[in-house]
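Please find below my note on the model. The points are numbered so that each can be checked against the coordinates.

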Amino acid sequence: NFEIVQEQTSAGVVELQDGDIYWDESVFAGLNITKQQYEKCVRIVWDFEVGTPNADWFRCEDVGDAAGISYGPYQYTEKSGLLSKVVRMYLDSKGSANYNDNDRILANCSISNANYTGTQYVRNKTVMNALKAVGAEPLMKMAQGKMFLDKRAKPAISHMRDSGMTSALGL
């Protein structure tokens, strides 16, 4: 059970709902880590990435570190290629028959580290506004959380298992 937390974002107050933190119990099998402890770990990441333990699902900016657009509370970037993967995961889970105008903008642009030039997408305010607009959609939150679990948490959990650690402190 998650405690409902109100958080201040650039778009106003958003309640953190169950499901905002992507949780796959099978990943944590055999470890002494609860969903609530994992949420605290995720909030520490958010605090490091965006300066607050509260998710800013609407954050989309160029932070000046040559990575291009940084997006969401996990700060996925163009240069890393993870922003493209998150967008693709979101669009695939939604299905093209259910696209809105913002989804069509994202589906028709190329956010890819293979094509990254350093300024190509940052200057495209239409793409940035589309990303902001879909930020709080449940499927976008799920895509961002699943990407974090797959690309960041699972390697840490693997290291924990290899090192014999079983508690949330190891994560």
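**Note on the predicted model**

1. An open sheet is formed by 3 strands in the order 3-4-5, with antiparallel pairing. Its edge strands are strand 3 (60-62) and strand 5, each of which pairs on one side only. Strands pair here if DSSP finds at least two bridges between them. Strand 3 and strand 4 are joined in the antiparallel sense over 3 bridges, and Glu 61 has Ser 70 in strand 4 as its bridge partner. In general, strands of a sheet pair through backbone hydrogen bonds, either parallel or antiparallel.

2. Basis of the description. This is a predicted model, in which local features need pLDDT of at least 70 and side-chain atom pairs count only at pLDDT 80 or more, while totals for chains, interfaces and linings use all residues. Residues are numbered from 1 along each chain as its sequence is written, and side-chain values use heavy atoms, with hydrogens and water left out.

3. Overall make-up. The protein chain has 5 helices and 5 strands, running β-β-α-β-β-β-α-α-α-α from the N terminus on. Helices (H or I, at least four residues) and strands (E, at least two) are DSSP runs, numbered from the N terminus. Of the 171 residues, 41% count as buried; buried means under 20% relative accessible area, exposed over 50%, and partly exposed in between (1.4 Å probe, protein chains only). The accessible surface comes to about 8600 Å², 48% of which belongs to carbon and sulfur atoms; areas come from the Shrake-Rupley method with a 1.4 Å probe, and for residues only the protein chains shown count as cover. Among contacts (heavy atoms within 4.5 Å) between residues at least 6 apart in sequence, 57% join residues at least 24 apart.

4. Helix 2. This helix (residues 82-94) has 13 residues and reaches 18 Å from its first C-alpha to its last, close to the 18 Å expected at 1.5 Å a residue; the expected span is 1.5 Å times one less than the number of residues. Its buried residues are Leu 82, Leu 83, Val 86, Val 87, Tyr 90, Leu 91 and Lys 94. An α-helix has 3.6 residues a turn, so residues three or four places apart point the same way. The cover over the buried residues of helix 2 includes strand 4 (69-71), strand 5 (76-77), helix 3 (101-107), helix 4 (125-134) and helix 5 (138-163). Just after helix 2, Gly 95 takes a positive phi of about 85°.

5. Thr 77. Which residues does Thr 77 contact, leaving aside its neighbours within four places in sequence? They are Ala 67, Ile 69, Ser 70, Leu 82 and Leu 83. Thr 77 lies in strand 5 and counts as buried because its relative accessibility is 12%. Its side chain makes a polar contact with the side chain of Ser 80 (3.0 Å). A polar contact is a pair of N or O atoms within 3.5 Å; within protein, one must be able to donate a hydrogen and the other to accept it, and residues adjacent in sequence count only if both atoms are side-chain atoms.

6. Asn 102. This residue is found in helix 3 and, at 24% relative accessibility, counts as partly exposed. Leaving aside neighbours within four places in sequence, Asn 102 is in contact with Ala 130, Ala 133 and Val 134. The C-alpha atoms of Asn 102 and Ala 130 are separated by 4.8 Å, although the two are 28 residues apart along the chain.

7. Cysteines. A search of the whole structure finds 0 disulfides, a disulfide being a pair of cysteine sulfur atoms within 2.5 Å. Cys 41 is buried, at 17% relative accessible area, and Cys 60 is buried at 6%.
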